[in-house]
Amino acid sequence: MAPEVILGISAHPGSDVYSLGATLFELLTDNRPFQAPNLTELLRRHVSEPPQRPSSLRAGIPAAVDDVVLRCLVKDPTRRFQSAGELARS
């Protein structure tokens, strides 16, 4: 769930990009971008902590792929890709 949705702000296409980034992160690393002992802590981490670079969890992931995934997971929705099409063109 995108940080803005957790905070009760309206979802928009950038929210879906965040979810896609979380899915890409898990596909690449076999780990979720954030793990926590309970739901409250998990949501807090999505809102306030930066994710690790995927390559720090799985060797061989190119820096450019790290950059794309991390841009999808940026907390500020205006700094994310604004659509899946924009992401695909990157």
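**View 1. The whole chain, seen through its contacts.** Among contacts in the chain (heavy atoms within 4.5 Å) between residues at least 6 apart in sequence, 53% join residues at least 24 apart. This is a predicted model, in which local features need pLDDT of at least 70 and side-chain atom pairs count only at pLDDT 80 or more, while totals for chains, interfaces and linings use all residues. Residues are numbered from 1 along each chain as its sequence is written, and side-chain values use heavy atoms, with hydrogens and water left out. The chain holds five helices and zero strands, so the elements read α-α-α-α-α from the N terminus on, where helices (H or I, at least four residues) and strands (E, at least two) are DSSP runs numbered from the N terminus. The C-alpha trace spans about 35 × 35 × 15 Å along its principal axes. For 90 residues, a compact globule would have a radius of gyration near 12 Å, and the chain agrees with its 13 Å; the radius is taken over C-alpha atoms, and the globule rule is 2.2 Å times the number of residues to the power 0.38.

**View 2. The nonpolar core around Phe-25.** Here are the seven residues of the largest nonpolar core: Ala-2, Tyr-18, Ala-22, Phe-25, Phe-34, Val-69 and Leu-73. The largest share of this core, three residues, comes from α2. A nonpolar core is a set of buried Ala, Val, Leu, Ile, Met, Phe, Trp, Tyr and Cys residues joined through side-chain atoms within 4.5 Å. Buried means under 20% relative accessible area, exposed over 50%, and partly exposed in between (1.4 Å probe, protein chains only). Buried residues make up 31% of the 90 residues in the chain. Not counting residues up to four places away in sequence, Phe-25 touches Asp-30, Asn-31, Arg-32, Pro-33, Pro-51, Gln-52, Pro-54, Leu-57, Val-69 and Leu-73.

View 3. Most residues other than glycine have a negative phi. Asp-30 has a positive phi of about 65° although it is not a glycine. Asp-30 counts as exposed because its relative accessibility is 62%. Asn-31 sits in the loop between α2 and α3 too, but counts as partly exposed at 26% relative accessibility. Leaving aside neighbours within four places in sequence, Asn-31 is in contact with Phe-25, Glu-26 and Leu-57. The C-alpha atoms of Asn-31 and Ala-11, 20 residues apart along the chain, are separated by 25 Å.

View 4. With a relative accessibility of 13%, Leu-87 counts as buried. Beyond residues up to four places away in sequence, Leu-87 touches Val-17, Leu-20, Val-68, Cys-72 and Phe-81. Leu-87 and Val-69 are 18 residues apart in sequence, with 9.6 Å between their C-alpha atoms.

**View 5. Gly-8 in the loop between α1 and α2.** Our last stop is Gly-8, found in the loop between α1 (3–6) and α2. Gly-8 is exposed, with a relative accessible area of 64%. Gly-8 and Leu-73 are 65 residues apart in sequence and 18 Å apart in space, C-alpha to C-alpha.
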